[in-house]
Every structure is written in structure tokens, then in C-alpha cells.
Amino acid sequence: MPKSLNEIENNKQLCTALQRAVSCGGVSHAYIFVCPDETLLCEISEGFCRSLLCESPLDGLPCGHCRACVKTAVSGHPDIIFVSGGGKNGAVLIESIRNLKSDIYIRPSEAERKIYIISGAETMNTAAQNALLKSLEEPPPYGVIILLCKDIGSLLPTIVSRSVVLNLESEKPSDEAAFALAKEIVIKSHSGRLYDLLPISKKLSDPQFFMKVADEIAEILLECAKSLEGGKTSALAKEVLQAAPNLTKKSAIAIIDSMKKARYAAGINAFSLVPLNFLINCWEDANC
């Protein structure tokens, strides 16, 4: 079931502002939610829809009991229309926007509002965005258009200027998550093929988190190297070496050195390194 705005952990201030807009009658006809995290975009837009369509909202939050709340809880409300990509590479097609243009002037089926959620709004080409523009310039009083966008730079200035833009902050992975992922990378890279790291590398899209994981990898390898040299074996080194018996002191030190060189060579562009390429190049450079 979609969460209410007050149940969403991230972006508390933004969610409170949306609640206030509902409770005070200050809802705009168009919003652009911007965030690289698709899950968060969907979560907040669905929470907003619950508040917008509730028949008896309290302080901008859904009552949870009315007919509209029951239907939005199971994603079955007829006055929420989803527009998503159907073209090449998942692009939102101009035909979909034209359908929206004609449909938005048909009054809502049940609620006082009719909401359109456009996923992947950044994939619309110029023609599709221009087609949407009229609906943003002359919207019916009950219409609300929500654009979910990863990159607002892909939208026309005329689209942006006619919408309320809300930049969402995605949750930052914890140090514990960085450590767990680093340990998984060390183990898998020494117990299989490097390209088995592809699924893991998708979790490293945030540059700062990736650098944190890289630091953790170096720390884990250093601890393993000390253990292999005959020093005291920590619980971490024991766990990693049991799971990755092919890891040697020589390879651990070589990988650490290779990572240092790669980051030094990248300089101020270190945060633009491609995670999978970085890992593979460092391991291959260390002859692992």
C-alpha cells in the first residue's frame, strides 16, 4: 500500500510542504519531482496522490477510510492516470502526451481532481514537451500533472517555468552498507569472474558512496594482507580469507596500490570514475 506523506522517512520538510498545500488549498496544477532515485519519486508522488484524492483529508493527510483512500491504497483509483515510456529506450512518446491533452479535459470519474503522473519525463523529446505545454498553460481547474524526472536539464525552460519544481534528496547509504558491499566485492572478485561484479556495481551509482566503498575495500585488503603476513588474524580477515581462499598477500597489496594510482591519476575527476571499469582495471592491473 502506498505510504502517506507523513510516513515517508526522507524529505520530511518537502512532504510537510505538500501536506500544507493540500490543507490550505494551495495545490498547483503542475509539479516536477526531481531525483535520481525512481523508487523515491514514485513513493512521494503516490503519497501526494493519496492526500489529493481523499474525500476527508485531515491536515493534508488521507483519512484512510473513504472510498478514494480505499482505491488509492490498492492503486485502483480511476482518476490517477499513469503516463510512462513506450518508445525506444523507454521514452515517453508524443502520442501518449496527445492522449493526455485530450483526456485531461474530460472531468474526473469520481474525485474532485484528476491526476496525471508522467514517469521518466526527461525522456520526452522536444515535440512531446511542446505538446504538453498547452495543458500546462491552460489546465482545467481539477487537473494536476506530476512529472517524475531524473534530470531537469532535459526539460524545456517553458515546462519548468510553468511547474512547481521539487528536488528530492535520496537516502544516503550508511557506512555499514559501504562496508558490507566492499566485503562482498573482495570476496566475489577472488572467487569468480570479475564480470560477476556487474550486479553489484549498479549499487554504486552515487559517486561519494562509491569512493567510500573503495576506501573500505582498501582497508579490508590491508587487514587480510597483515594476516597473511603472519600477524594477528582478525575476525574480519578470517571471514574474508575463508570465503576467498585465492586471495594472497601479494595480490591484496597490488590491488591497494593499483586503486591508489587510479584515483591519483583521475585527480579531481575521481568522482566521475565508472565503478565497474574502475574495479576491473585495478584488479587486472594487479594481475588478479
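This is a predicted model: local features need pLDDT of at least 70, side-chain atom pairs count only at pLDDT 80 or more; totals for chains, interfaces and linings use all residues.
**Ground rules.** I number residues from 1 along each chain as its sequence is written, and side-chain values use heavy atoms, with hydrogens and water left out. Local features need pLDDT of at least 70 and side-chain atom pairs count only at pLDDT 80 or more, while totals for chains, interfaces and linings use all residues.

**Entry 1: helix 7 against helix 9.** I took helices (H or I, at least four residues) and strands (E, at least two) as DSSP runs, numbered from the N terminus. How do helix 7 and helix 9 pack? Helix 7 (residues 175-189) and helix 9 (residues 207-228) have axes 8 Å apart, at an angle of about 55°. That makes helix 7 oblique to helix 9; oblique is what remains once angles under 35 degrees (roughly parallel), over 145 (roughly antiparallel) and 65 to 115 (roughly perpendicular) are taken out. Axes here are lines fitted to C-alpha atoms over the stretch in contact, with angles from 0 to 180 degrees between N-to-C directions. The crossing is right-handed, the near helix being turned clockwise from the far one by less than a right angle.

I then looked up who touches whom, contact meaning heavy atoms within 4.5 Å. Helix 7 brings residues including Phe179, Leu181 and Ile185, and helix 9 brings, among others, Phe209, Val213 and Ile217. By class, I get 12 nonpolar, no polar and four charged residues for this contact. Nonpolar covers Ala, Val, Leu, Ile, Met, Phe, Trp, Tyr, Cys and Pro; charged covers Asp, Glu, Lys and Arg; the others, Gly among them, are polar.

**Entry 2: helix 7 against helix 10.** Helix 7 also meets helix 10 (residues 235-243), the axes coming within 9 Å and crossing at roughly 35°. This crossing is right-handed too. Phe179, Lys183, Val186 and Ile187 of helix 7 meet Leu236, Glu239, Val240 and Ala243 of helix 10. The classes here are six nonpolar, no polar and two charged residues.

**Entry 3: a loop residue.** Asp59, in the loop between helix 2 and helix 3, has a positive phi near 55°. Asp59 counts as exposed, at 58% relative accessibility.

Methods
Buried means under 20% relative accessible area, exposed over 50%, partly exposed in between (1.4 Å probe, protein chains only).
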